[in-house]
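Here's a quick briefing on the model you're about to see. Have a look at the fold first, then work through the notes below by topic.

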Amino acid sequence: MRILLHRVDGQTEPWVKDFARHLPEAEIVLWRAGEPHPPCDYAVVWAPPEAMLSDLAEVKAIFLTGAGVDAILKFDSALPQNVPIVRLGDAGMGVQMAEYVTHSVLRYFRRFDEYETQTRAGQWTPLPPHNREDFAVGVLGLGMLGTRVLQSLKEFGFPLRAWSRSEKSMEGVQCFHGADGLDTFLRGTRVAVCLLPLTKETSNIFNRTNMCKLPEGSYLINVARGAHVAEPDLMALVKSGHIAAATLDVFRNEPLPVQHPFWQEPRITITPHIAALTLRRESVQQIAGKIRQLERGEPVADIVNRHQGY
Ligand code: NAP
Ligand code: GLV
């Protein structure tokens with residue numbers, strides 16, 4: 001069995017070693033632009049270069065080393081149509097996302113962001129606490145990560161809400177769905193957490209109109225994709241105070257350019273796309289397990305629905 005591997009960061013050696021441990025029967029073939037390679041059974045990629053697409057047509061399945069699928073589905077009809085694309089299941093991402101979002105919500109709820117400013121100013125001023133019942137946390141996307149985040153937030157007693165495409169239910173969470181449910185969802189959400197896949201329907205969802213539906217003094221945590229947020233609209237609403245603060249892990253252009261105005265805005269917290277990192281060992285173990293399932297003729301989880309776009 002041969003696996004065609006491509007890494008955007010060029011760091012192939014540790015992946016090869018981990019595959020040798022978890023799938024010793026497989027030969028790992030490194031994809032290099034313009035270089036011929038023997039026929040391969042599977043491909044393991046994240047954001048494949050366009051020149052790789054024709055090689056992906058040969059394999060039995062394409063495994064992604066991430067949860068989001070926009071970096072491959074953007075090729076649309078140029079992608080081989082009959083080869084299943086398999087995204088990562090949890091593989092250690094859920095707990096990281098729960099840590100990141102819980103930290104961000106608590107930072108705003110307990111006003112630690114304001115105490116950080118006070119610390120730098122040498123100031124000792126206890127601030128009045130926020131009311132828990134006024135701090136509804138609304139998660140957009142009730143998938144693998146949104147569900148895990150909400151499970152962790154339950155511990156703290158905030159009113160919890162979720163918005164998904166199809167109708168869903170989760171104990172202790174007020175659920176909304178579809179375009180019709182978005183308005184009511186946003187109007188009752190104080191902290192909006194974006195955990196949607198990037199699709200035609202969700203692109204720019206945090207535009208001025210939608211962000212204005214959030215109550216005055218709301219917070220935005222975007223841990224999905226940069227293109228979910230209309231960046232100039234967010235900047236204007238932070239300046240006006242309608243959005244009290246935002247924590248952003250993802251941006252339209254990554255790395256965020258040095259001249260981007262977000263860097264100068266103290267109410268915007270920036271992290272470099274690290275909310276839930278791909279953990280190599282867990283990912284290789286999971287992909288190896290799925291390859292074994294496919295070889296036995298069994299179904300595998302986490303196959304991307306190309307029609308839905310996630
Ligand atoms: P997922 O399991 O595919 O769940 C997606 C959720 O979004 C589902 O609940 C789905 O609704 C909902 N949704 C999709 N389109 C919608 C629409 N038009 N309207 C309303 N709801 C919609 O995705 P996931 O694994 O939780 O990951 C979510 C995203 O997180 C990824 O796509 C990726 O972009 C991002 N991510 C970021 C990082 C990071 O480090 N920052 C790491 C990993 C992933 P249904 O339930 O009805 O299908
Ligand atoms: C990271 O952003 C991922 O989608 O896995």
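Let's begin at the ligand: one of its oxygen atoms, in ligand 1, sits 3.2 Å from a polar backbone atom of Gly143. Keep in mind that this is a predicted model.

**Around ligand 1**

- The protein covers 93% of the 940 Å² of accessible area that ligand 1 has on its own.
- Helix 4, helix 6 and strand 7 are the elements that give two or more residues to the shell around ligand 1.
- Helix 6 gives the most to that shell, with three residues.
- In total, 30 residues surround ligand 1, and the closest are Arg87, Leu145, Ser166, Lys168 and Tyr310.
- Sorted by class, the shell has 16 nonpolar, eight polar and six charged residues.
- Arg87 brings a polar side-chain atom to 2.8 Å from an oxygen atom of ligand 1.
- Arg165 works through its backbone here: a polar backbone atom of Arg165 is 2.9 Å from a nitrogen atom of ligand 1.

**Helix 6**

- Which residues of helix 6 (residues 144-153) are buried? They are Leu145, Gly146, Val149, Leu150, Ser152 and Leu153.
- What they pack against is helix 4 (93-109), strand 6 (137-140) and strand 7 (160-164).

- Asn222 belongs to strand 10 (residues 218-222).
- With a relative accessible area of 0%, Asn222 falls under the 20% cut-off and therefore counts as buried.
- Setting aside residues up to four places away in sequence, Asn222 touches Cys194, His228, Val229, Thr247, Leu248, Asp249 and Val250.
- His130 sits in the loop between helix 5 (112-121) and strand 6.
- Is His130 buried or exposed? His130 is buried, because its relative accessible area is 17%, and the cut-off for buried is under 20%.
- Beyond its neighbours within four places in sequence, His130 is in contact with Tyr108, Phe109, Arg111, Phe135, Arg190 and Tyr219.

- His22 is part of helix 1 (residues 13-22).
- His22 has 21% relative accessibility, so His22 counts as partly exposed.
- What does His22 contact, leaving aside its neighbours within four places in sequence? The partners are Arg281, Val284, Gln285, Ala288 and Arg292.
- Take one of those partners, Gln285: His22 and Gln285 are 263 residues apart along the chain, with their C-alpha atoms separated by 6.0 Å.
- Asn82 lies in the loop between helix 3 (70-73) and strand 5 (85-86).
- At 76% relative accessibility, Asn82 is over the 50% cut-off and so counts as exposed.
- The C-alpha atoms of Asn82 and Arg225 are separated by 27 Å, and the two residues are 143 residues apart along the chain.

Technical notes: Residues are numbered from 1 along each chain as its sequence is written. Chains are lettered from A and ligands numbered from 1 in the order in which they are written. This is a predicted model: local features need pLDDT of at least 70, side-chain atom pairs count only at pLDDT 80 or more; totals for chains, interfaces and linings use all residues. Side-chain values use heavy atoms; hydrogens and water are left out. Helices (H or I, at least four residues) and strands (E, at least two) are DSSP runs, numbered from the N terminus. Buried means under 20% relative accessible area, exposed over 50%, partly exposed in between (1.4 Å probe, protein chains only). Contact means heavy atoms within 4.5 Å. A residue is near a molecule or strand if one of its heavy atoms lies within 4 Å of it. A polar contact is a pair of N or O atoms within 3.5 Å; within protein, one must be able to donate a hydrogen and the other to accept it, and residues adjacent in sequence count only if both atoms are side-chain atoms. Accessible areas come from the Shrake-Rupley method with a 1.4 Å probe; for residues, only the protein chains shown count as cover. Ala, Val, Leu, Ile, Met, Phe, Trp, Tyr, Cys and Pro count as nonpolar, Asp, Glu, Lys and Arg as charged, and the others, Gly among them, as polar.
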